[in-house]
Amino acid sequence: MSNKFTVINSTDSDKNKEMDSVYKTAKLNEMWERQYLSALEKSCTGRTGKICDLPQDELAKIGFAGIKYVCSMRDVARENRRLGIDKGRTLEEEQVRFIVIDSIFTILSCLTLRNFVTIFPIDKTYDGDKWEEKDYYYTTQVLSAMDMDRPIGRDELSELLWDYMNADLRHAYMEYTSAMSAMFKAQTGKGIMEKFLEDRGVPTYTMDKESGIMKNNQTGDIMKPKKASHIQVVK
């Protein structure tokens with residue numbers, strides 16, 4: 001038996017795994033973008049009329065690929081932030097992101113509720129009452145008051161997404177509202193949530209990450225939060 005053995009540098013191994021993860025995230029984003037645009041082009045080429053006139057199965061393919069594309073964009077942005085190479089989106093990029101997601105939501109609104117539920121199954125979480133959160137039962141109760149065999153409609157879809165428990169749809173809607181807030185802030189100087197809280201007298205704060213100092217956005221007062229001695233960071 002040979003007494004030779006190989007020493008594996010764990011640091012290099014971890015780095016390779018990290019780069020594999022980054023590469024996989026980027027490739028998935030490219031794949032879903034290609035699939036979404038391909039399905040959209042295939043269904044719309046040579047046809048006239050409204051998007052809702054397309055067959056339900058084609059709308060389903062476009063909508064599903066579109067939501068996966070939005071979620072993959074979110075994953076790429078998250079990886080960029082983690083690697084410290086995220087420069088933030090420009091206003092033009094936020095506007096494009098908003099338009100893309102809004103178009104995808106318009107397609108989803110043309111689906112019947114029955115097909116919508118088939119494509120985006122409700123998350124199997126059942127303990128909402130325990131944590132005072134929305135869960136599978138809450139969503140099914142909301143759906144019970146709706147017509148399963150009629151197209152959802154654009155306004156109704158916006159309301160439904162607030163109550164519909166599906167991780168991909170939730171992430172897509174967060175991206176949508178984030179883009180909307182960025183556009184609103186470019187016009188008013190404040191994000192949507194900041195303006196909402198301010199109108200109700202709830203103070204908001206901005207923290208300097210380097211100094212840890214927080215500034216009250218309404219009064220200008222500054223403070224440095226005390227670190228709780230009984231709280232430890234678990235790594």
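In which helix does F98 lie? In this predicted model, F98 belongs to helix α3, which covers residues 91-108. With a relative accessibility of 18%, F98 falls under the 20% cut-off and therefore counts as buried. Beyond its neighbours within four places in sequence, the residues in contact with F98 are Y176, A179, M180 and M183.

Two packed helices are described by the angle between their axes and the distance between the axes. For α3 and α7 the angle is about 105° and the axes are 9 Å apart. Since angles of 65 to 115 degrees count as roughly perpendicular, α3 and α7 are therefore described in that way. On the α3 side, D102, F105, T106 and L108 make the contact, while α7 contributes R154, L157 and L161. By residue type, the contact of α3 with α7 comprises four nonpolar residues, two charged and one polar.

Attention can now turn to the nonpolar interior. In soluble globular proteins, nonpolar side chains tend to be buried together. The largest nonpolar core here has 37 residues, and the members that touch the most others are I67, F105, L108, F116, F120, Y164 and L169. At least two residues of this core come from each of α1 (10-44), α2, α3, α4 (113-119), α7 (154-163) and α8 (167-188). Helix α2 supplies the largest share, with eight residues.

Helix α2 itself spans residues 56-83, a run of 28 residues. From its first C-alpha to its last, α2 reaches 41 Å, close to the 40 Å expected at 1.5 Å a residue. Within α2 sits S72, and at 4% relative accessibility this serine counts as buried, because the value is under 20%. Setting aside neighbours within four places in sequence, S72 has L28, N29 and W32 as its contacts. Just after α2 comes G84, which takes a positive phi of about 75°.

How values were computed: Residues are numbered from 1 along each chain as its sequence is written. This is a predicted model: local features need pLDDT of at least 70, side-chain atom pairs count only at pLDDT 80 or more; totals for chains, interfaces and linings use all residues. Side-chain values use heavy atoms; hydrogens and water are left out. Helices (H or I, at least four residues) and strands (E, at least two) are DSSP runs, numbered from the N terminus. The expected span of a helix is 1.5 Å times one less than its number of residues. Buried means under 20% relative accessible area, exposed over 50%, partly exposed in between (1.4 Å probe, protein chains only). Contact means heavy atoms within 4.5 Å. A nonpolar core is a set of buried Ala, Val, Leu, Ile, Met, Phe, Trp, Tyr and Cys residues joined through side-chain atoms within 4.5 Å. Axes are lines fitted to C-alpha atoms, for helices over the stretch in contact, and angles run from 0 to 180 degrees between N-to-C directions. Angles under 35 degrees count as roughly parallel, over 145 as roughly antiparallel, 65 to 115 as roughly perpendicular and the rest as oblique. Ala, Val, Leu, Ile, Met, Phe, Trp, Tyr, Cys and Pro count as nonpolar, Asp, Glu, Lys and Arg as charged, and the others, Gly among them, as polar.
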